[in-house]
2 protein chains.
Amino acid sequence: MIKLSVMYPHTPGARFDHDYYRDKHMPLLKSLMGDVCLYYTIDKGLAGGAAGSPPPYVAMCHAFFESLPALQAALGEHGRQIMADIPNYTDLAPVMQFSEVVVEKS
Amino acid sequence: MIKLSVMYPHTPGARFDHDYYRDKHMPLLKSLMGDVCLYYTIDKGLAGGAAGSPPPYVAMCHAFFESLPALQAALGEHGRQIMADIPNYTDLAPVMQFSEVVVEKS
């Protein structure tokens with residue numbers, strides 16, 4: 001299984017609409033990709049590891065796919081429409097990572 | 001629900017033993033914390049968002065807890081022993097984040 005992580009770096013003064021992200025953006029991604037996106041998770045950053053430090057990322061999502069080719073095909077087909085929605089909730093540029101899921105849940 | 005993310009920045013030449021991390025380190029964390037750690041996930045970084053780029057993180061884990069006080073108590077009790085195991089699998093210093101789980105699975 002493959003995980004796509006999209007991480008929005010915490011930046012003072014930047015805009016991020018957590019409600020829109022939860023209620024509109026991620027449901028848009030899921031509706032476009034359908035069952036190719038097995039499921040997704042959303043995090044809201046609270047704090048970093050050092051006492052009193054901000055979280056490295058103000059928000060993260062992790063979306064799960066059967067395989068890298070399946071994920072790449074879905075991004076190729078729908079990536080433009082998904083990315084066009086980003087300005088509706090943030091002015092941040094996300095950091096992306098493709099990972100192999102070593103342990104899904106233990 | 002609260003998520004603790006521990007992320008190991010991709011660094012050329014650095015050491016990271018994915019087998020030890022999966023088979024020894026994360027089971028150690030779970031055995032020490034018991035049911036206070038609801039479950040955890042492990043990722044192995046494959047690639048970044050830009051074509052041909054390395055993953056931002058060579059590995060990540062995400063561990064789930066009922067509440068921030070429960071997580072903080074578990075870290076206070078077992079954090080020293082968990083961190084003492086880090087040199088057994090890597091010479092990297094992890095980035096940590098505490099997050100609120102907005103969507104656990106959708």
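What follows is a conversation about how two chains meet in a predicted model.

Biologist: How do you know that chain B and chain A are related as by a two-fold rotation axis?

Modeller: A rotation of 180°, with 0.0 Å of shift along its axis, superposes chain B on chain A at an RMSD of 0.0 Å, and the two copies are thus related as by a two-fold rotation axis. Among the residues of chain B, B:H62 comes closest to that axis, its C-alpha lying at 5.4 Å.

Biologist: What makes you say that the copies meet through the same surface?

Modeller: Of the interface residues of chain B, 100% are also interface residues in chain A, so the copies meet through the same surface. The contact takes 34 residues from chain B and 34 residues from chain A, and the two chains bury about 3,000 Å² between them, with 58% of it on carbon and sulfur atoms.

Biologist: Why is the pair B:K3 and A:D43 called a salt bridge?

Modeller: The rule asks for a side-chain nitrogen of Lys or Arg within 4 Å of a carboxyl oxygen of Asp or Glu, and the closest N and O atoms of B:K3 and A:D43 are 3.0 Å apart, so the pair meets the rule. Side chains of opposite charge can pair when their charged atoms come close. Across the interface of chain B and chain A the rule finds two salt bridges, while 19 residue pairs are in polar contact between these chains, both residues being at pLDDT 80 or more.

Biologist: Which element gives the most to the side of chain B that touches chain A?

Modeller: That element is β2(B), with 10 residues. By class, this side of chain B has 17 nonpolar, nine polar and eight charged residues.

Key
Residues numbered from 1 in each chain as written. Chains lettered and ligands numbered in written order. Predicted model: local features only at pLDDT ≥ 70, side-chain atom pairs only at ≥ 80, totals over all residues. Heavy atoms only, no water. Least-squares fit on C-alpha atoms with pLDDT ≥ 70 in both. Contact = heavy atoms within 4.5 Å. Buried area = accessible area lost by both parts, 1.4 Å probe. Polar contact = N/O pair within 3.5 Å; in protein donor to acceptor, adjacent residues only side chain to side chain. Helix = DSSP H or I, 4+ residues; strand = E, 2+ residues; numbered from the N terminus. Nonpolar A, V, L, I, M, F, W, Y, C, P; charged D, E, K, R; others polar.
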